[in-house]
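Okay, thanks everyone for coming. Let me put the thing up on the screen, and then I'll walk you through it.

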Amino acid sequence: MATGDPFLRIDDLGVRFGGADDPHAKEAVKGVSLTLAKGETLALVGESGSGKSVTALSILQLLPYPLASHPTGSIQFDGEEMIGASKQTLMKVRGARVGMIFQEPMTSLNPLHTVAKQIGESLVVHRGLSKSAARARALELLKLVALKDPEQRLDSYPHQLSGGQRQRVMIAMALANEPDLLIADEPTTALDVTIQAQILELLRDLQQKLGMAVLLITHDLGIVRKTADRVAVMTDGAIVEQGPVAQVFDDPTHAYTQMLLAAEPKGDPVAADTSADEILAADDLKVWFPIKRGLLKRTIGHVKAVDGVTVKLRAGQTVGVVGESGSGKTTLGLALLRLQSSEGAIRFDGKDIRSASWADMRPLRREMQIVFQDPYGSLSPRMTIGEIIAEGLNTHGIREGAEVDQRVASALEEVGLEPIMSRRYPHEFSGGQRQRIAIARAIVLEPRFLVLDEPTSALDMSVQAQIVDLLRDLQHRHNLAYMFISHDLKVVKALAHDLIVLKDGKVVEQGPAKAIFEAPQEEYTQALLAAAFDMKAVETDAVSD
Amino acid sequence: MSLSPINQRRVQQFKANKRGYWSAVIFAILFMLSMFAEFIANDKPFVVMYNGEIHLPVFNGYPETAFGGEFQTEADYRDPFVAEKIAEKGWMLWPLIRYHHRTVAWDLPSPAPTGPDSQHILGTDDQARDVAARLIYGFRISVLFGFTLVVVSSVIGVLAGLVQGFYGGWLDLTMQRFIEIWGGLPQLYILIILASVVEPNFWWLLGLLLLFSWTGLVGVVRAETLRARNLDFVRAARALGVSNRKIMVRHVLPNAMVATITFLPFILAGSVTTLTALDFIGFGLPPGSASLGEMLQQGKNNLQAPWLGFTGFLSIAILLTLLVFAGEAVRDAFDPRKTIPGAA
């Protein structure tokens, strides 16, 4: 088959969840048509719930049948119809001719088997290789995906590998039988930016080497721009626009695509007065977790989660804290709020609160608040929105019904929600709305200092931009001091006045955000910025997976 | 009466589970009726009008002499002589079943146990007592016992689980080990030994069963609490300065309660069964008390009188079924993720 011929052809595909006469049945995918040629990368882009993963899973018929059904359409893979194909046919295709990489490297490897065994499994099943042959092939694959020390890694268990290493193992598994088609479902979403860049580069290399077709599913337009040949934009179960990447990005015709492209967090932080009042400051802050060993539990060392961070927050300004997972960003935020015990002076309003007791801290709690990353976990599912927001008020002595109602209503209005929503439960809201509720809970007490712990990273791109705008607006209106913790440098760039780059608990670089974004001094910061803005993997010792 | 929107929603969801809702209604009716057992099955009339005076024998004891009889002892209204005396100067209003659970029917046509007839709709047991009357009283004591045991053991169990899960550490470790050892004790033998040391009555039995039943919920609540205490909304509450006690009660407990509530109907059913079992083997309520277990024992001892076994079996089966169905509806009502069909 010549390159360029459609190799995978999906025509008018529909996916329905629920029985034929079930009134709650959901049409997850409606009339999707796609083609994919050998050696081509097609990106399927859309926000959560748009049906992109369901489309990909139906290629391999991996949906929960018979709950799911295909009312319309056909899927032809190399001339063979997949819908309704026999189990034997599907088994031959799955894992052999079509490989799949999933989003979550933590859960998609079996924790009880070694790397060699997991890669070897499909080789034994599909090719009937002997154990030693499978092991040799596994080693070859690990070299192919550029895993360091492949010989030793063969006998590692998944928990001994980092996220990036696991994703490389996943890719090795998917490539084991030299598939013609690789389906990558958000392959880098769970990874740090520098690792993300490495994995994407690896996928590009492999595609060129092996000449396979890649179906890349992602919500990140930056990835699409860098890696895909063609792009299909999905929303609400249907493809609204399809074409070569350059064309779609430069000249989007559908309103949704335009909205998606415009949605990247943009803008600059509100100019801030450098002589504004200092709200909170910490000198040489340390959070060390002791490592205890032996019978007597002697401390033999420390995990230095935060190691000697000095930070100053002024009214109306944002300190951005960036770093990859495990760099101690969140721990730093919790330590400043005295929710995590630490060493080193912390001054709030000039008063040292380092040794304040829980009771001493209580009156100060209304001045300092936190917004968490996961909008699904941070709201008690059994309380109404009104109860959730009013809790802080009740705790701080504002109990009079009318005043509470009035303040809850105005907090909801401030974050752009209707006061009438206060009677509903969190599960009735979308992720973005929940994050607004979490912000309302924090600001109802009229704090002066807010820790924002990755408040946008669980949200869709278009919603992220709205939340960033909201935060900027609130900061301006109430002269709030923010500590904005994020691994997403684009969002940080839109909000931060000052920047702290953390790695392994230590400050790598610290200073005015603008200066660092324009001219990063440290190698690590440079690598981070290159990965985040250009999706470029930088070969340096500062970055490792 | 105005309910908060949350509770309105819960009521709505409870009603949406038709099977559970009707089970709860039927159970409530049966329970209410059994609470008035004295007015349904008794060997005394409700009201006696004698000589233009109203007598209420259910509440007060009257000597036979009050009705023109001869003895100073309490009147036996079922005695034809007394009935005749009263009929001369007034009338009596009888309950539906003219037998108390203790009443021995001396006028049976054949030796006890006798089969169902117009006098005894469910027949009599081997001591010539009316089975229908015993059923009503036995149902009442079983349900009351079950309820009391469930309430007390859940309160203790939930509190213990909550404290363990929330504070963790040594407290948790010590209590877990204690519960493991405690749970390893052979319950039934200890109950039998204790029941032979003391004269068991309702409260003794309750206390004895409570010794072991409280641990049932600890594990569930503890696990839920361990999970909940590290959730973001609990951390958010800490950041708001909410006290530990309030966090436990307001944030952790409600999330642990669903699992608890899911278990409650089964625990209730289990408590009823435990009492029934103890009564069945003769270590339960004092001899002569009406109880479902005693009824089953009668059935076992008198296989020639199948109405005894059938009554005991059917009443226990129906009671447990109703409780479990109603429990399912309660669980639905407390599930915020459950959407009501047709009322979104």
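Quick convention before the helices: an axis here is a line fitted to C-alpha atoms, for helices over the stretch in contact, and angles run from 0 to 180 degrees between N-to-C directions. Helices (H or I, at least four residues) and strands (E, at least two) are DSSP runs, numbered from the N terminus. Residues count from 1 along each chain as its sequence is written, chains are lettered from A and ligands numbered from 1 in the order in which they are written. And this is a predicted model, with local features needing pLDDT of at least 70 and side-chain atom pairs counting only at pLDDT 80 or more, while totals for chains, interfaces and linings use all residues.

So, chain B. Helix H12 (residues 292–301) and helix H13 (residues 306–333) of chain B pack at about 145 degrees, axes 7 Å apart. Who meets whom, taking contact as C-beta atoms, placed from the backbone, within 7 Å? From H12(B) you get Leu292(B), Met295(B), Leu296(B), Gln298(B) and Gly299(B), and they meet residues of H13(B) including Gly309(B), Gly312(B) and Ile316(B). That contact splits into 5 nonpolar, 6 polar and no charged residues. For the classes, Ala, Val, Leu, Ile, Met, Phe, Trp, Tyr, Cys and Pro are nonpolar, Asp, Glu, Lys and Arg charged, and the others, Gly among them, polar.

Next, the chain interface. 25 residues of chain A are in contact with 18 of chain B. Helix H12 (358–365), strand E17 (368–371) and helix H13 (385–395) of chain A each supply at least two residues of chain A's side. By class, that side has 8 nonpolar, 9 polar and 8 charged.

Over to a sheet in chain A. E7(A) runs parallel to strand E8 (residues 181–185) of chain A over 4 bridges, with Leu182(A) as the bridge partner of Gly99(A).

Last one: what about Ala172(A)? Skipping residues up to four places away in sequence, Ala172(A) touches Ile119(A), Leu141(A), Leu142(A), Leu144(A) and Val145(A). That's it from me.

Conventions: Two residues are in contact if their C-beta atoms, placed from the backbone, lie within 7 Å. Two strands pair if DSSP finds at least two bridges between them.
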